[in-house]
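User: Hi! I have a new model open and would like to talk it through with you. Could you take a look with me?

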Amino acid sequence: MSATTNANRGSSSPSTSPTLSHSPTSNASSAPTPRVPYIPIPRRGVDYRGKIVLAPMVRSGELPSRLLALHYGADLVWGPETVDRSMIGTNQSTNPRTGCIEWKRCPTAHAHSPVKEDGEKESVIFRIDPQRESDRLIFQIGTNSPERAVAAADLVAPFCCGIDVNAGCPKPFSTDGGMGAALLTTENGDLLVRILEALVAEVGRKHEIGISVKIRLLSTSEETSTLVNKLCKTGITGLTIHCRTRPMRPRERAIRDQLRMIGEICHAHGVACLMNGDVVSRDESVKLAAEYGVDGGMIATAAEANSSVFLSEEQGGKKPWREVVTQYMLFAISVENKWGNTKFLLSQLMPGKDPAYLKVCQSKNYVAGLTALGLDQNNDLLEASKKLDSILGLDGPKIPRTELKKANKAANRAKHEANIAAKKKRQADEMAAREAEQTKRGRMSSPMRDQSQEPQSSSARSPLRKAEIAAENAGFEGVGQGALQVAV
Ligand SMILES: Cc1cc2nc3c(=O)[nH]c(=O)nc-3n(C[C@H](O)[C@H](O)[C@H](O)COP(=O)(O)O)c2cc1C
């Protein structure tokens, strides 16, 4: 496997495995090895074969982390799981300062009403750097619906080279909604198949990119094999296996006894297979992939701690954390990353015992963080940090969260009261107009009126209007109005 830093583009015509060392029948000593066609890689898609990639990681896989991993040689990068509902209804725009494409929404806006309420700040749901990552970015989606998966993926597909479905997350926020590892149960396996088929047909073909899936091990080889066989028939180009079962915690060692079998099933269908779980460097990934007959490796926590794990020993290997952190700050500033997320990543990249660690964790903006890291001597970086703090509104005195909450509550209450007052005024105006009309008509018309001549507007049919008409017919305009006023 090569340690190239560039993703090889796919070709739209079916290719054949160059070695077929992964063919399920390749171990049979005398039988001729059949050449299994690969699922064609669409024109804008990428082939996962021979790739060492950055895993999808919520929080830890935001844009600057992905750029950092690419900088240190990751062949492809997965975005953090983004739930379909949170993407649908977002507003897409290009940040004129950074050139990044951003999908934003107000925290309170729902898929059906992406309306920005006065004064409410939109938050970035997903951000892509089209220049630096689009041809190596796989967008991962959290979903439990073929329709929503298609709707959400369709938004991002023009700017990435693949869509991946998360069918491995065991956390309740994912599984309670029927997403993530919940898609791996026997009853939901068919739903996952339908989601992948819909994405292949409606997003993959339309945008000429590949569709893939990331799963966990099921408890027995038979169950895993049945599932992988089903998934490989959907038209996906790649499958990642996280070598842990659903109940296993991250600190438990990954188990690899089903890995060879999974790789073989994938290859029998022409699907690329990546391994994930306790892979800590490029060199180790290459070695393990060869040992288990899979096509490449995906690295999560080791890359979260130091993204230079993507460099092979031959390329110089892992870099000191200070160098990685400096590079990370450059990327974070260049894409206007949220300070809270930048600080979180710094806390992952720095050793906890370093004296600067606590200071970084306590800093409230980019300038303070830079100073805590001792990087404020770099004038360009300092100036860029000052500018960014001002853009992000982090340069003034920080309003305490409780004060902000109070102010928001007061503003909402004032808005509510203004709405009620406006409604009352409207009702009073309508009533006054009706009274004036009644008085005018009362003077002109005879006391008894034929009810069938009354216009049958909705207001005429309303109880209020019926009572008015009855009062008029009874010749008690004055009394009637008074009674109505009481009733209203
Ligand atoms: C902080 C964090 C966030 C993660 N978020 C996701 C995610 O969004 N989607 C996903 O499929 N897996 C997610 N995972 C799981 C990883 O992608 C990976 O499968 C797991 O960490 C095992 O790989 P490792 O042993 O190299 O850490 C996350 C893991 C971590 C540590």
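User: Where is the place of Tyr48?

Analyst: Tyr48 sits in the segment before E1. Helices here (H or I, at least four residues) and strands (E, at least two) are DSSP runs, numbered from the N terminus. Do keep in mind that this is a predicted model, where local features need pLDDT of at least 70, side-chain atom pairs count only at pLDDT 80 or more, and totals for chains, interfaces and linings use all residues. Residues are numbered from 1 along each chain as its sequence is written.

User: Thanks! Is Tyr48 buried or exposed?

Analyst: Tyr48 is buried, with 29 other C-beta atoms within 10 Å. The cut-offs are 20 or more other C-beta atoms within 10 Å for buried, 12 or fewer for exposed, and partly exposed in between, with C-beta atoms placed from the backbone.

User: And what does Tyr48 touch?

Analyst: Leaving out residues up to four places away in sequence, Tyr48 touches Gly238, Ala272, Leu274, Asp295 and Gly296. A contact means that the two C-beta atoms, placed from the backbone, lie within 7 Å.

User: What about the chain as a whole, how many helices and strands?

Analyst: The protein chain has 18 helices and 12 strands. Of its 488 residues, 39% count as buried. Among contacts between residues at least 6 apart in sequence, 64% join residues at least 24 apart.

User: Let's look at H8. Which residues are buried there?

Analyst: H8 covers residues 282-292, and Arg282, Ser285, Leu288, Ala289 and Tyr292 are its buried ones. Seen down the helix axis, they fall within an arc of 125°, so they line one face of H8. That arc is taken over the directions from the helix axis to the C-beta atoms.

User: What covers those buried residues, and what is on the other side of H8?

Analyst: The cover includes strand E1 (52-54), H7, strand E11 (272-276) and strand E12 (296-299). On the other side of H8, Ala290 and Glu291 are exposed. Gly293 follows the helix, with a positive phi near 70°.

User: Which residues of the largest nonpolar core touch the most other members?

Analyst: Those are Ala74, Ala153, Leu199, Leu239 and Met275, in a core of 107 residues. A nonpolar core is a set of buried Ala, Val, Leu, Ile, Met, Phe, Trp, Tyr and Cys residues joined through C-beta atoms within 7 Å. Helix H10 (residues 321-334) gives this core its largest share, 7 residues.

User: Which residues does Met275 touch?

Analyst: Not counting residues up to four places away in sequence, Met275 touches Ile241, Cys243, Leu259, Leu288, Ala289, Tyr292, Val294 and Gly297. Leu288, Ala289 and Tyr292 are among the buried residues of H8.

User: Switching topic: what is the phi of Arg59, and where is its place?

Analyst: Arg59 is not a glycine, yet its phi is positive, about 75°. Its place is in the loop between E1 and helix H1 (63-71). Arg59 counts as partly exposed, with 13 C-beta neighbours inside 10 Å.

User: And what about Glu208, what is its phi?

Analyst: Phi of Glu208 is near 55°, again a positive value in a residue other than glycine. Glu208 lies in the loop between H5 and E9, and with 16 C-beta neighbours inside 10 Å Glu208 counts as partly exposed.
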